[in-house]
Amino acid sequence: MAAGPGPTLSLIMAEAGWPMALYDLVFPDERVLEKTYDLITATEVIEHIHQPAAWLSKLWSMIKPGEILAFMTKLMIDKEAFSRWQYKNEPTYACYYSEETFQYLVERSQVVFSFEARDVAFFYKSIHLIQLVPQYQG
C-alpha cells in the first residue's frame, strides 16, 4: 500500500528478493485485496484512511496466521508538539495516531505488537509470537 508519487519500499524489498503486491487507494486493483500475505506494510497511509476500523479489519483478514501487519506513520507525541507539527493542517489527513492509539488497537484486537523503529509499529497475527518480541508492550 502506498500513498504518494512512488512505491519506494516495494523497490527496496524487490531488490532484497521479496516481491510485493501493490495497492493504491487512488487507483485500486481490487485483486490485491483478494489474497493473503506474509507481510502487509502501510507506509504513510493509515493517516489518510477515513474509515480506519473497517480498513484495519480488512487488512487483518488478509494476513496469514503468524505473520505481520506493519504501519509507518508520524506519531503524535503531545498537544504542544502537535501545535507545531507541519502536517496538522494537511487536508488529506483523516486521522492522527499516537502510541496510545496503537495500544488501544492492541487491547481491542488482542494482538501482539511492538514498535520496531520510530513511528513504525508491527502487529503480529498470532499470540504465540509474544516470546519473539522483546519490546512487547501489549
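Reader: Hi! Where is the place of Thr 73?
Author: Hello! This is a predicted model, and in it Thr 73 sits in the loop between β2 (63-72) and α3 (79-84).

Reader: Is Thr 73 buried or exposed there?
Author: Thr 73 is buried, as its relative accessible area is 2%.

Reader: And which residues does Thr 73 touch, leaving out those up to four places away in sequence?
Author: Thr 73 touches Glu 44, Ile 46, Glu 47, Tyr 97, Phe 102 and Asp 119. With Glu 47 there is also a polar contact of 2.7 Å between the two side chains.

Reader: Let's follow Glu 44. Where is Glu 44 found?
Author: Glu 44 belongs to the loop between β1 and α2 (52-62). Its phi is positive, about 55 degrees, although Glu 44 is not a glycine.

Reader: What about Val 120, where is its place?
Author: Val 120 is in strand β4, which covers residues 120-124. Val 120 is buried too, at a relative accessible area of 16%.

Reader: Which residues is Val 120 in contact with, leaving aside neighbours within four places in sequence?
Author: Those are Phe 71, Met 72, Ser 114 and Phe 115. As for Ala 70, its C-alpha atom is 7.1 Å from that of Val 120, though the two are 50 residues apart along the chain.

Reader: Let me zoom out. How many helices and strands does the chain have?
Author: There are four helices and four strands. Read from the N terminus, their order is α-β-α-β-α-α-β-β.

Reader: How many of the contacts between residues at least 6 apart join residues at least 24 apart?
Author: That share is 57%.

Reader: And what part of the chain counts as buried?
Author: Of its 138 residues, 34% count as buried. The accessible surface comes to about 8700 Å², with 57% of that belonging to carbon and sulfur atoms.

Reader: Speaking of surface, which residues make the nonpolar patch?
Author: Leu 25, Val 26 and Phe 27 make a nonpolar surface patch of about 340 Å². Leu 25 is in the loop between α1 (8-15) and β1, and it is partly exposed, with a relative accessible area of 36%.

Reader: Last topic: what is the mean pLDDT of the chain?
Author: The mean is 81, and 85% of the residues reach 70 or more. Strand β1 (residues 37-43) has the highest confidence, at 90, while helix α4 (residues 99-109) has the lowest, at a mean of 81.

Reader: Where does pLDDT stay under 50?
Author: Over residues 127-138, for which the model has 21 contacts beyond four places in sequence.

Technical notes
Residues are numbered from 1 along each chain as its sequence is written. This is a predicted model: local features need pLDDT of at least 70, side-chain atom pairs count only at pLDDT 80 or more; totals for chains, interfaces and linings use all residues. Side-chain values use heavy atoms; hydrogens and water are left out. pLDDT is the predictor's confidence in each residue, from 0 to 100. Helices (H or I, at least four residues) and strands (E, at least two) are DSSP runs, numbered from the N terminus. Contact means heavy atoms within 4.5 Å. Patches are made of residues with over 30% relative accessible area and no salt bridge: like charges are joined within 9 Å, nonpolar side chains (Val, Leu, Ile, Met, Phe, Trp, Tyr) within 5 Å. Accessible areas come from the Shrake-Rupley method with a 1.4 Å probe; for residues, only the protein chains shown count as cover. A salt bridge is a side-chain nitrogen of Lys or Arg within 4 Å of a carboxyl oxygen of Asp or Glu. Buried means under 20% relative accessible area, exposed over 50%, partly exposed in between (1.4 Å probe, protein chains only). A polar contact is a pair of N or O atoms within 3.5 Å; within protein, one must be able to donate a hydrogen and the other to accept it, and residues adjacent in sequence count only if both atoms are side-chain atoms.
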